[in-house]
Amino acid sequence: MKKLKITIDGKTIEVPENATVLDAAKTAGIAVPTLCHHPKLTPFGGCRLCIVEIKGIPRPVTSCTTPVSDGMEVTTSTEQLENLRKTVLELILSDHPNDCMVCEKAGDCTLQELAYSYGIRENRFAGERRIYEKKDGNPFLERDMEKCILCGRCVKICDEVQGVGAIDFTYRGFKSKICPPYEKDLDCEFCGQCVAVCPTGALTGKQWALKGRQRGVREVDTVCSYCGTGCNITLHVKDNTVTRVTSKEDTWNEGWLCIKGRFGYTFINSPDRLTKPLIRIKDRSSSLNSSNGLDDIFREASWEEAFDHIASRLSDIKTKHGSDAIGGLSSARCTNEENYIFQKLMRAGVGTNNVDHCARL
Amino acid sequence: MNKNITIQVCMGTGGMAAGGFEVLAAFESLMREKNIPAEFRKECSMHKVGCRGLCAKDVLVDVITDDRRTIYQYIKPEMVERIIDEHIVGGAPVSEWEVDEDYHKFHEKQVKVVLSDCGNIDPEDINAYIASDGYKAAEKIFASMAPEEVIDIMKKSGLRGRGGAGFPTGVKWEACRKVEAGQKYVICNADEGDPGAFMDRAVIEGNPHAVIEGMLIGAYAIGASKGYVYIRAEYPLAVERLKKAIAAARECGFLGKNILGKGFDFDIKIKLGAGAFVCGEETALIASIEGQRGMPRAKPPFPVHRGLWGKPTVINNVETLANIPYIIKKGHEWFSSYGTEKSKGTKVFALTGKIKNSGLIEVPMGITLKEIIYDIGGGIENGKSLKAVQTGGPSGGCITTDMLDITMDYESLAKVGSIVGSGGMIVLDEDDCMVNMAKYFLQFTQSESCGKCVPCRIGTKRLLEIMNRITKGAGKQGDIELLEKLSNDIKAASLCGLGQTAPNPVLSTIKYFREEYEAHLQGKCPAKACREMLTYHIIEEFCKGCGACLRACPAGAITGEKKKPHKIAPEICIRCGACFDVCKFKAVGKE
C-alpha cells in the first residue's frame, strides 16, 4: 500500500494511505483521548474528544474519522482543543450519576480515567440528568443506561461483529437512548460483546456484582474449554475464585467471546462440580426397574482405577460381541487434537468406525 | 359576454387552508347551475394554481379575459356568484373585491425566477408546464450540449446552494462528474424543517416539474441514472403533486429509459422523511434513505465521493434545482445579472411574523432588508415598531433595526452573525422578547438533535436550561457569560451543521440585545413576554366588571362582583395570561 507523509505535532511520519489521523497519531506515539472510538469498529465521531487541528481546515475535526492526506499538518493539543475537550467531558459528567464509589467499573473506566486526567471536580454545566428504570430480566447483562454516554460502541459491535443488531439508538435530543426495539426487555444471545467494549459502567456482567474490582484480583491467561475454537481468555481470580472472564484484544480471537466463554464460568467453583472419576457400583443389568440410571450409586475412584476399568470393560465387550458393538461419541468441548486422538482410539484401538461427535447432532 | 376566460384559484397549502378548494367548487357548480351557454363554457377554463406568494390575502382568484387580468383577494365561496354574474357574464369586474395597493407593492420589487410559473400554471398538468416552455431546457441540453458544457454554464451562472450553506452548484456537480463510478445519484433535498420556512413546499406544490427538470439536467451533467426526492411526510399536498408530476413526466418520456430518444436513462423515487429536522443534513438524509436512523456522519468523505450506498451523490435543495431549467433556457448571463458579486440570482424567502404582508417572496440577491420589510412586506402589523428580523431560522441570527440597510446575500448576513439559511425570515416587533425567541429556537434544536455527539446532545440541553431559568426570573449572575462560553464551544466541537449553528440565536441575541438578558437577570422582561416573570393586576378605572377574566382564569385567582372592579390574588395567580388575553377593556395590566 502507498505510504503518505504527514506531520503530527512537529513529528513527520509515514503512514499507509488508508490510515486515519488517529491511527497516525498512534504510530507517532502521541496519545489522543477517545471515548467512542474502538479500533475494531467503524469510526463514529460522536464523543468529540479526539478532535485535532489540521492546517487548512477552519474548524477542529475528529481524528478518528478523518483520513490522512499527503503533507497533512496536524496539531493534537492546543489550549483551545484542551478547552473543548474539557467542556465535552464536563457535559458528559453533567449527565452521569458520578457514583464511582459503588460502580462496578471503577478503576477500569475510560470516563473515570479522563475525568481524573482532566481534573474535573466542579461542573459548570450541572443540570437535569436522565433517570431510567432498570428492567432487565436476563441473568447476564446489567444495563445501567443512566451511565450510558451514547458512544455507540455496543450498537456497532452488536451489528458489525456479532451480526445481531439487538440494540440501537432511539429517541432524539437529550432523551436519546440505546435500547432494544420499542424499549422491550433485552432478548438477544447475551454474548456480552457489548459489555466488553463499553467504556463506562453502563454495561457490566450481572455475575460480577460485588465480587471485587481491581484490588487483589489476579489475571490468569488461559484457553476457553467450551469448544474447539480455543478462544484465549483471561480469568480474573480473587481469593482462588474466578470472578470474571475477559479476553484481550491482542489474542487471535481479537478479544471477542461468546456467552459461554464470557459468562459460563461459574461451574469452575461450583460445589456440584466433579473433581474425581466416579465408578457406578450398582450393576444395571441385574435390575430391570432401574433403566434410567437415576437410582444408580457411584463411588469415587482414582484415574488409574477408572482407566483400568474402562479398558477391561471395552476389551470384554469387544471379545464377546465384536468391535462394532462399541461406538464412541466425542465432545465439542475437546480440542481438535483430542478429537483426533479419540477417533484414532476408536478406529485403531477398538477397531470400529462407529465414532461421532456431538457438534454433528 | 367575454370570450376565452380563465379562472385561476390559488391552491397552495395557504390557499387551501383559507378555503381555496371550496371556492373552486363554488365556481364549478354555479357555472353549471346558472345555465350559462355551452359554447361559452367551452371557452371558459377553471383551474387551480400553486402558491402565488401573498398568503395573507388568500383566497386569491384571478379572472383572465381577453384583454385583462383581474385579481380578487379574500374570496369566500359565497362571493363567487356575484363575480360570475357581474364580471364573467356581465363583463364588469367587482371592483371593491379587487386586490388593493398592498398587492401591487408586494410584487413590485420582486423578481420571479423560481416562482415565475408558480401561481400561473396548473401544477397538476404537465401540459401547462410544457406550454410555459417547460422541459425546453432538458431538450436543449440533450440536443446540443455535453455534460461538461452544462456544468460550465452552472459555474458561470454563479448559482449557489439555496438550502443554506451556499456551496456553488456547478463546482459540486463538477466534483461528482469527475469521480468514476458505475452508479451515481442525484438527490433533491426537500426536507424543509426550519420553523417558519415554506419555500420548498410552495415550489413543489406550485411547479413540481421545474424540480424534476432540474434533477434531470443535474443527472445528465454528473452521469446519474437514479434520483431521489427526500421530502417530509408532513407535506402531503406537495408529495401528491410530486407523485403526479413524476408519473406524468414518465408518461411523456422525460423520465425513464432512453429519455428523448438520446439513450440516457434517469428515474426518480420519492422517499418520505419521518419528520426529523436533522435529516435535512445531507449525510443524515443519505442514512435515512438507506433505511438507517437519520444521524449525520463526519465529512470528509463528502457525498460527491461517497454518498448514497457509498456511490457518488449530488444533493441539491429544491429551490436550487428549480432555478436550473431557467438558467439553461435563458443563459447564465441573464441569471448572473441579478444579485451581488458573490451571490447571484434571486432568493425565495418565507416572510412571516409580525409583518403585514406575510407570504412567499422572491427577490434579487442584494436587495436590502429595509426594502423587504417596508416595500414588499408593507411594514409591521398593527402600527407597532420593528424590533428585529430573524433570518435562517434556528440556525441563524437576528438583524436589528439599525442594520436595515444590510443587503441580503451570503456574505453580508454571515458578517453580522446570521445566515441566509433556507430562507425563513421572521419579523419581530416590540412585543417580542429576544431572550424568549432564542429560547424557542433552542427548544427546537435540542429536541431535534440526533443525540450522536455530546456538545449538541447535552450542550444544547444545558443552554436551554440556562435560558429557561433566565426567562423564569431565576437567572444567576454569570449566566450570560456561561451562555457565551458554552455556545462557542458547542459551535466549535459539534459534528454537523445542526449543532454547529444551534447556538447562533443565543449568541446573536446576546450580541445585539445584551441589555434584555441583563434586564431578565434583574427580574424584568422588557417586552413583557416572559409570562413567568410578570405579575398581573386589574386596572380599576378600566374594569367594567364584566366577569370575562374571572371565567377565563384557570386558577380561580380572580374575584369580584358584577359591574364592579375585579381583583387578582397574586398568590393564586399562575401567570398564564388568560385574563390579559380575554379582557376587551385593557383593564388587565402586567408588570
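## Bridge and sheet in chain A

A:Val52 has A:Val61 in S4(A) as its bridge partner. The model is predicted: local features need pLDDT of at least 70, side-chain atom pairs count only at pLDDT 80 or more, and totals for chains, interfaces and linings use all residues. Residues are numbered from 1 along each chain as its sequence is written, with chains lettered from A and ligands numbered from 1 in the order in which they are written.

Strand S3 (residues 51-54) of chain A runs antiparallel to S4(A), over 2 bridges. Strands pair if DSSP finds at least two bridges between them. Helices (H or I, at least four residues) and strands (E, at least two) are DSSP runs, numbered from the N terminus. The open sheet in chain A has 5 strands, ordered S2-S1-S5-S3-S4, with mixed pairing.

## Contact between chains A and B

Chain B gives 28 residues to the contact and chain A gives 28 residues. Two residues are in contact if their C-beta atoms, placed from the backbone, lie within 7 Å. On the side of chain B, helices H18 (434-448), H19 (454-471) and H20 (479-493) each give two or more residues. H19(B) provides the largest share, 8 residues. This side of chain B divides into 14 nonpolar, 5 polar and 9 charged residues. Ala, Val, Leu, Ile, Met, Phe, Trp, Tyr, Cys and Pro count as nonpolar; Asp, Glu, Lys and Arg as charged; the others, Gly among them, as polar.

## Domains of chain B

An automatic or database assignment sets the domain bounds. Those in chain B include domain 2 (126-336) and domain 4 (434-521). Their C-alpha centres lie 34 Å apart. The contact takes 10 residues from domain 2 of chain B and 8 residues from domain 4 of chain B.
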